[in-house]
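The sequence and the coordinates are shown here.

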Amino acid sequence: MSKARETVETLRTVLVDGDVTNANFTGADLEVGKGGTGASSAGAARTALGLAIGTDVLAPDGDGSGLTGVDSLPSQTSQTGKFLTTNGSAASWGEAGGGGLSNIAVFTSSGTWTRPSGITKLHIRLSAGGGSGGASRATNNTAGCGGSGGGYTEAYLDVSAITSLTIVVGAKGAAQYTAGATGNNGGNSTVHITSGSVLQMSATGGVGGLGGVNGESANGDNGGTSFSIGSTVLIMNIQGGFGGPVVGAANSTGLISGAGGVSFLGNAGTGSTGNGTQIVTKGYGGGGTGGNCLNAAATQASAQGQNGICIIEEYK
């Protein structure tokens, strides 16, 4: 058999048996166009095939900064709880839940609100204190009118450039013990920007009820008023409810003392039908019931009003 024939037969055997190995393959690297890689190493082969790691495909621990036509991602360091966003040209991390309610601060007494990081807007609800009712005289069949309710205001406030607010919560009108005396007024509630003491919101306390009435009386005084000004966006202003009148004929054993006036965040005590049986108001800013003296020889005190309140909802 000729040498050429022998070579052909060897090649035929190898191809048929599928046993082309490094040991029996010789020659230059097979080029890509003919089904090869044109390379003799893995790295060179990936480069020849357009699959270079870090340039054409992402490395297991890469950030994509070297990829052609692919934008890089920002670092994840110290970005817990944030989400990925874009402005159309570059990616960045945004605050999760931006614009939503973050916290509610409640002031039942005066204090200072300090803006937490990231808070830009507030929804503020402000109620003044309620007035107390009037006392009876130390005479049978006398009674007092009810105290009126405190005013209420509600508004939005942009605090992006504000560091703190000074909150004043109006106190309740104290019960009246002096014979025939008018009840005590409730305190005013206010919100000021601390820097410069710039008034933003105000609610006026309820007025104390008339005392020592021995027959039907006109309604008690108007409830407290309110307003929001400055950089606030008003939602509502609500006047406190009237203090109730004494009901019944003069010198009658059926006299009923005046009921307290309601507030937006509190109810009012009902009128008293007996000696010292005033019904205390509930909630915030309600007016107190008048005292009632049916058959006692001593003055009957009125019921106190209720304290105001400031509720602040904080938004990012």
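The sections below treat the basis of the model, its nonpolar cores and one of its sheets.

## Basis

The model is predicted: local features need pLDDT of at least 70, side-chain atom pairs count only at pLDDT 80 or more, and totals for chains, interfaces and linings use all residues. Residues are numbered from 1 along each chain as its sequence is written, and side-chain values use heavy atoms, with hydrogens and water left out.

## Nonpolar cores

A nonpolar core is a set of buried Ala, Val, Leu, Ile, Met, Phe, Trp, Tyr and Cys residues joined through side-chain atoms within 4.5 Å; buried means under 20% relative accessible area (1.4 Å probe, protein chains only). The largest such core has 21 residues, of which W113, I124, L165, I167, C310 and I312 touch the most other members. Among the elements that give two or more residues to this core are β3 (101-107), β5 (121-127) and β16 (309-315). Strands are DSSP runs of E with at least two residues, numbered from the N terminus. The largest share, three residues, comes from β5.

Beyond its neighbours within four places in sequence, I312 is in contact (heavy atoms within 4.5 Å) with residues including N103, F107, W113, I124 and I167. Another core, of five residues, lies apart and includes A143, C145, V213 and L255.

## The open sheet

Five strands form an open antiparallel sheet in the order β4-β8-β9-β10-β11; two strands pair if DSSP finds at least two bridges between them. Because β4 (111-114) and β11 (226-228) each have a single partner strand, one side of each is left without a neighbour in the sheet.

Within the sheet, β8 and β9 pair in the antiparallel sense over four bridges, and V168 has T190 in β9 as its bridge partner.

Terms used. Buried means under 20% relative accessible area, exposed over 50%, partly exposed in between (1.4 Å probe, protein chains only).
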